[in-house]
Amino acid sequence: FDQDSGQALFIALLTDFKHAHDDREKALLATTLLSFLTGENATNFLKMGKLHPNIQLTRVGNYQVARWRMELLITESKRVFHNNNLRELYVRIPSPLVEAVSHFVLKNTPQNRTAIEIKLRQVAKAHALRIGPISLMRIQRHLKLVLEQGWSNQYIANLLARTPVNQATGSYYGQVSEQKAVHDYQRYVQYLSAGKDSQELENELLAISKQKLQPVDDLENRSDQIIGSQFIVDKNNVSSLFASLRIQINESVNILQHFNAYSQWIWHISLLFLAGRPVIGVPSKLNKMDLGHNLLIVSDKQQRINQDNSRILYIHPFLKQALMEYIDYLKNFFQKYMVFNPKLYEIWQKIETSEFAITYLIDIDQQQSITFKSKDYLAQQTFNFSLISSLDASKCREMSRLDVQVKDSNSQKKWADNWHRHFCYSYLINYQIDGNKYLSKATVNQIMGHEDLNDEFLNPKTSSSALADVSTIKKVLDQLVLELGLEQIA
């Protein structure tokens, strides 16, 4: 059923719970109400004499407070998830519902599961609800459905609904503030209960007068924390990084430093727009690019057996222009200077035949880092030719993540190697179209390479909606270019 049908059923269940006197009936109603509030299947609250392990009961003054724990479950290859300072979130749930479940213990049996479904149909019929088929699975999914289609991004929806990690693509890359997650959850509760938050709902169920309302507990007053990735760099710092890379290109002291600075800039730009992993071979080889059709094949998962079986991505116009100009620069560089160092021809040949990718660095010794201050053009070129002629071609190598490590200008703390991917995902899931609607899961996953099977970009079996996402992706990345103040290299 849709959002409004779910709300109507929740209010009907809540009404019957308040008027129920039989303990078994209250327990049946409480399990379904808790399923709405937690995104957990109702049958998981039917335990052998024990409460669900994610329910926490504590005393605050004269009142018993019930909280629901939502943990962030992450598996990213074999990597231990060290970049989290907070991996779980507690939200308030009405204690009378928990007490009803614990007071009359319903065992997880087929008979009790059937009894819950029968009770649901009885409630819907008694309240004359026309909401279509009712099932425990539909109730469980209601929390995530409302959050994704209403006011939350997919990351918060996955967190609050405790979506299994194999279904919550991108969980490793995102983050959210604890206060934002709690705020969105309370909006959901208020929507379900027609305006009441968790504590107001509990007061109503306990029939507490306004003069004796429960105090707010200390947990709700603690400072805000970040749930999820700590690898996401602040947008202002990213903008400053690209500005400084441009300065390094424009103020290079000689031709070799200029070459390296330009290579670093194209590397970071490519990884940003492709949400790429920092592996050798990114952005790509020439035979994996079709700039005329704005397409590029990215092979950035080194653990894949077949590197050709990678993701095909749409190239944003900014990245397309940057790649075209950089490739022209490479061609001019190698063909211009290989007369003075024939070994450079071998490197260009390997790039041109797609044996090597396009991003290179030249190891520079102390002698080659000297500055030539003469403004005479002929003298400058003579100086550059002397550097090239003495260059050992073996020092010209494909770039890797070790070559482009970035440190924070204030703390000097090193950014994560794959910060581009974390930053891109965070930007995408928080981007709002026309100021109120978040990007669809399909759009985000298309850029990240997290599409579902047979729904990959340009797969013959892909859905038409995945192809339509291209225009949306362009609009999002257009805005990213503006916010970061990105400019092409003149």
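This is a predicted model: local features need pLDDT of at least 70, side-chain atom pairs count only at pLDDT 80 or more; totals for chains, interfaces and linings use all residues.
Is Lys235 buried, partly exposed or exposed? Lys235 is partly exposed, with a relative accessible area of 33%.

For anyone new to sheets, strands pair through backbone hydrogen bonds, either parallel or antiparallel. Here, β2, which is residues 63-71, pairs with β3 over 6 bridges in the antiparallel sense. If you want to find a bridge on the screen, take Arg67, whose partner in β3 is Arg92.

What packs on the sheet?

Next, a lysine. Lys26 lies in helix α2, residues 23-38. Lys26 is buried, yet it has no salt bridge. Where is the nearest side chain of opposite charge? That side chain belongs to Asp23, and it is 6.7 Å away. A salt bridge here requires the nitrogen and the oxygen to be within 4 Å. Leaving out residues up to four places away in sequence, Lys26 touches Phe17, Ala20, His21 and Ala100.

Now the nonpolar cores. The largest has 133 residues, and among these Trp265 and Phe334 touch the most other members. Which residues does Phe334 contact, leaving aside its neighbours within four places in sequence? They are Phe259, Leu344, Ile347, Trp348, Ile351 and Cys396. There is also a second, separate core of 7 residues, and its members include Trp267, Val282, Leu361 and Met399.

Side chains of opposite charge can pair when their charged atoms come close. The structure holds 10 salt bridges. One of them joins Glu483 and Lys235, at 2.5 Å from N to O. Glu483 lies in helix α16, residues 464-484, and Lys235 lies in helix α9, residues 235-250, so this pair ties together parts that are 248 residues apart in sequence. Glu483 is partly exposed, at 31% relative accessible area, and Lys235 is partly exposed as well, at the 33% I opened with.

A second pair sits in helix α16. Lys474 and Asp478 form a salt bridge at 2.9 Å, N to O. Both lie in α16, 4 residues apart, which is about one turn of the helix. Lys474 counts as partly exposed at 32%, and Asp478 is partly exposed at 30%.

Asp417 and Lys414 form another salt bridge, with their closest N and O atoms 3.3 Å apart. Asp417 is partly exposed, with a relative accessible area of 24%; for Lys414, also partly exposed, the value is 39%.

Finally, some charged residues are joined in a network. Lys18, Lys196 and Glu204 are linked in this way by salt bridges. That is where I will stop.

Note on methods:
Residues are numbered from 1 along each chain as its sequence is written. Side-chain values use heavy atoms; hydrogens and water are left out. Two strands pair if DSSP finds at least two bridges between them. Helices (H or I, at least four residues) and strands (E, at least two) are DSSP runs, numbered from the N terminus. Buried means under 20% relative accessible area, exposed over 50%, partly exposed in between (1.4 Å probe, protein chains only). Lys and Arg count as positive and Asp and Glu as negative; His and the chain ends are not counted. Contact means heavy atoms within 4.5 Å. A nonpolar core is a set of buried Ala, Val, Leu, Ile, Met, Phe, Trp, Tyr and Cys residues joined through side-chain atoms within 4.5 Å.
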